[in-house]
Amino acid sequence: MEEVILRIEELRLELNKLATYRLLSDPELIDASQRLDELLNQYQRMLQLRNA
C-alpha cells in the first residue's frame, strides 16, 4: 500500500508541475490526471477491501 501512496504523491507533484505551464486541455496534462485518477481509485479499493 505504501508503494501506491508514494506513486500517488509522485503523480500529484507531476500534475502540479505540468499545470503551471500547460493548458488544462494539453494531452500530457490530461494523461497525468487520468493516471492519478486511476491510482486514487486503486487506493480507494484497497482501503475498502482492508476495512471489509
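Modeller: Buried means under 20% relative accessible area, exposed over 50%, and partly exposed in between, with a 1.4 Å probe and protein chains only. This is a predicted model, so local features need pLDDT of at least 70 and side-chain atom pairs count only at pLDDT 80 or more, while totals for chains, interfaces and linings use all residues. Residues are numbered from 1 along each chain as its sequence is written, and side-chain values use heavy atoms, with hydrogens and water left out.

Colleague: Okay, take Asp37. Is Asp37 buried, exposed or partly exposed?

Modeller: Asp37 counts as partly exposed, because its relative accessibility is 40%. Asp37 sits in helix α2.

Colleague: How many helices and strands are there?

Modeller: The protein has 2 helices and 0 strands. Helices (H or I, at least four residues) and strands (E, at least two) are DSSP runs, numbered from the N terminus.

Colleague: Why is the protein called more spread out than a compact globule?

Modeller: Its radius of gyration is 13 Å, well over the 10 Å that the globule rule gives for 52 residues, so the protein is more spread out than a compact globule. The radius is taken over C-alpha atoms, and the rule is 2.2 Å times the number of residues to the power 0.38. Along its principal axes, the C-alpha trace spans about 40 × 15 × 10 Å.

Colleague: On to α1. What span should it have?

Modeller: Helix α1 covers residues 2–21, and at 1.5 Å a residue its 20 residues should span 28 Å. The end C-alpha atoms are 30 Å apart, which agrees. The expected span is 1.5 Å times one less than the number of residues.

Colleague: Which residues of α1 are buried?

Modeller: Val4, Ile8, Leu11, Leu15 and Leu18 are the buried residues of α1. Seen down the axis of α1, they fall within an arc of 95°, so they line one face of the helix. That arc is of the directions from the helix axis to the C-beta atoms.

Colleague: And what is exposed on the other side of α1?

Modeller: Glu2, Leu6, Lys17 and Thr20 are exposed there.

Colleague: What do the buried residues of α1 pack against?

Modeller: They pack against α2, residues 27–50. Take Leu11: leaving aside neighbours within four places in sequence, Leu11 is in contact (heavy atoms within 4.5 Å) with Arg35, Leu36 and Leu39.

Colleague: Now α2. Which of its residues are buried?

Modeller: Leu29, Ala32, Leu36 and Leu39 are the buried residues of α2. What covers them includes α1. For α2 the 24 residues should span 34 Å at 1.5 Å a residue, and its end C-alpha atoms are 35 Å apart, which agrees.

Colleague: How many residues are in the largest nonpolar core?

Modeller: There are 9 residues in all, including Val4, Ile8, Leu29 and Ala32. The elements giving two or more residues to this core are α1 and α2. The largest share, 5 residues, comes from α1. A nonpolar core is a set of buried Ala, Val, Leu, Ile, Met, Phe, Trp, Tyr and Cys residues joined through side-chain atoms within 4.5 Å.

Colleague: Last one. Where is Arg22?

Modeller: Arg22 is in the loop between α1 and α2. With a relative accessible area of 28%, Arg22 is partly exposed.
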